[in-house]
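Please open the model in a viewer and keep a selection tool at hand.

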Amino acid sequence: MLGRLNEEKVFKDPVHNYIHVEDATIWRLINTSEFQRLRRIRQLGTSYLTFHGAEHSRFSHSLGVYEITRQIISLFERNHYTDWPKEEKLLTLCAALLHDLGHGPFSHSIEEAFHMNHEDWTCRIIMGNTEVHDILSEVDPELPAKVASVIAKTYDKPIVVNLVSSPLDADRMDYLLRDAYYTGVNYGTIDVDRIIRMLRPYQDRIVVKESGMHAVEDYLMSRYQMYWQVYFHPVTRSSEILLRQIFRRAKELYRDRFKFKFMLKPLQGLFEDNVTVELYLQMDEALLQTAFMQWIGEEDNILSELCSRFIHRRLYKYVELEMLDANMISEIRQEFLKVGLNPDYDLESDFPTDLPYDVFHPGDEASQKQILLLDRQDGLREISEVSDIVRSISGIHRGKNHLYYPEEKLKDVLTLFSPAVARIFKL
């Protein structure tokens with residue numbers, strides 16, 4: 001039995017209108033310090049420097065994922081679908097709510113810089129000496145481990161994992177809707193109500209009723225467009241590059257025993273690869289931006305300049321190239337050195353790729369990475385076998401090569417570049 005609140009709690013939400021909380025455990029989890037920290041972590045990292053409205057947080061996204069999951073389970077319960085394990089309701093709702101608990105400041109940028117994984121940190125927080133762990137343990141001593149295993153995708157009931165993590169999960173549905181709303185684009189405006197109504201629990205996984213195929217096509221196309229128009233926007237990539245360079249330079253200086261004028265204990269833990277759960281939970285974007293503001297005054301010119309660029313949004317410019325190989329990069333780096341530029345920090349290449357949909361191939365064992373359609377005869381077909389639209393966007397999509405550089409520095413030395421390199425930067 002779930003412990004119900006005496007009175008339902010409601011969050012007003014711009015995406016889902018209302019988010020409903022009936023269970024006391026969910027309400028207590030929302031009010032933990034670990035979950036409240038997500039208010040201080042932006043959902044889209046540095047995208048606010050490209051789309052000024054993208055200030056929404058991991059907190060609001062996590063509530064949205066919980067709400068979509070709650071709506072799906074409610075649908076299953078109302079229709080008495082026997083393939084849905086009713087006893088897993090609280091576990092599934094907790095996993096949906098807490099799935100992003102381990103995200104760090106600026107999300108994926110800090111993960112790349114320090115080779116971290118937010119899902120691993122989510123599990124560490126859930127299993128650590130935290131308020132979240134205590135609340136889950138009060139319900140059931142085994143509940144923390146179960147929630148962690150759902151997030152780690154190792155739980156022994158794949159249908160539960162499916163709701164939280166799959167090609168058509170509550171996480172993806174919320175972030176497409178929410179990110180589109182706050183960036184002001186139309187690509188992510190999917191018919192989530194229709195998709196939810198078409199979902200069915202079937203043979204230990206979530207499938208889609210065949211009549212809902214067109215809503216799923218729209219969802220996959222929206223995801224495709226959002227990646228290339230928002231998530232991989234070249235200006236956002238420029239700000240992410242600056243962020244990674246700041247982390248790299250600060251780590252280099254720390255390991256070379258540079259005497260920082262300003263240093264915080266959580267950052268020391270990062271640089272020493274020795275971050276405890278307690279230190280990790282102290283890290284939010286306010287802490288990092290405070291450090292960057294202070295590092296503008298550091299005596300290392302590289303770190304100072306990088307931090308100033310990031311804080312004051314003086315991002316690197318970029319050029320698009322159809323072809324860019326290792327020999328070209330080596331030649332450009334040599335030219336940068338020749339004119340006194342630092343190719344380690346004044347030059348960065350980027351080549352984004354995305355896997356819009358992982359097509360099912362005959363012989364693949366588990367089909368957890370595919371979207372399956374349920375026909376009227378209770379047969380299953382992988383969606384790309386039926387949909388021309390999905391087939392057309394399936395597989396790896398590759399973007400254009402981009403070279404990023406500080407424009408004002410190149411202008412100062414443009415006459416010193418070889419004609420071939422000058423043409424690349426259109427100087």
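Select Glu 298 first: its side chain reaches the backbone nitrogen of Lys 261 at 2.9 Å, a polar contact (a pair of N or O atoms within 3.5 Å, where one must be able to donate a hydrogen and the other to accept it, and residues adjacent in sequence count only if both atoms are side-chain atoms). This is a predicted model, in which local features need pLDDT of at least 70 and side-chain atom pairs count only at pLDDT 80 or more, whereas totals for chains, interfaces and linings use all residues. Residues are numbered from 1 along each chain as its sequence is written, and side-chain values use heavy atoms, with hydrogens and water left out.

Glu 298 lies in the loop between helix 16 (285-295) and helix 17 (301-311); helices are DSSP runs of H or I, at least four residues, numbered from the N terminus. Glu 298 is buried but has no salt bridge, and Lys 261, the nearest side chain of opposite charge, is 5.5 Å away. Buried means under 20% relative accessible area (1.4 Å probe, protein chains only); a salt bridge needs a side-chain nitrogen of Lys or Arg within 4 Å of a carboxyl oxygen of Asp or Glu.

Next, select helix 13 (residues 234-255). Of its 22 residues, 17 are buried, so helix 13 is largely enclosed by the rest of the structure. Just after helix 13, Arg 257 takes a positive phi of about 60 degrees.

Finally, select Leu 98, which is in contact (heavy atoms within 4.5 Å) with residues including Leu 29, Phe 35 and Val 147.

Notes: Helix = DSSP H or I, 4+ residues; strand = E, 2+ residues; numbered from the N terminus. Buried < 20%, exposed > 50% of the residue type's maximum accessible area, 1.4 Å probe, protein only. Lys, Arg positive; Asp, Glu negative; His and termini not counted. Expected span 1.5 Å × (residues − 1). Lists of a residue's contacts leave out its neighbours within four places in sequence.
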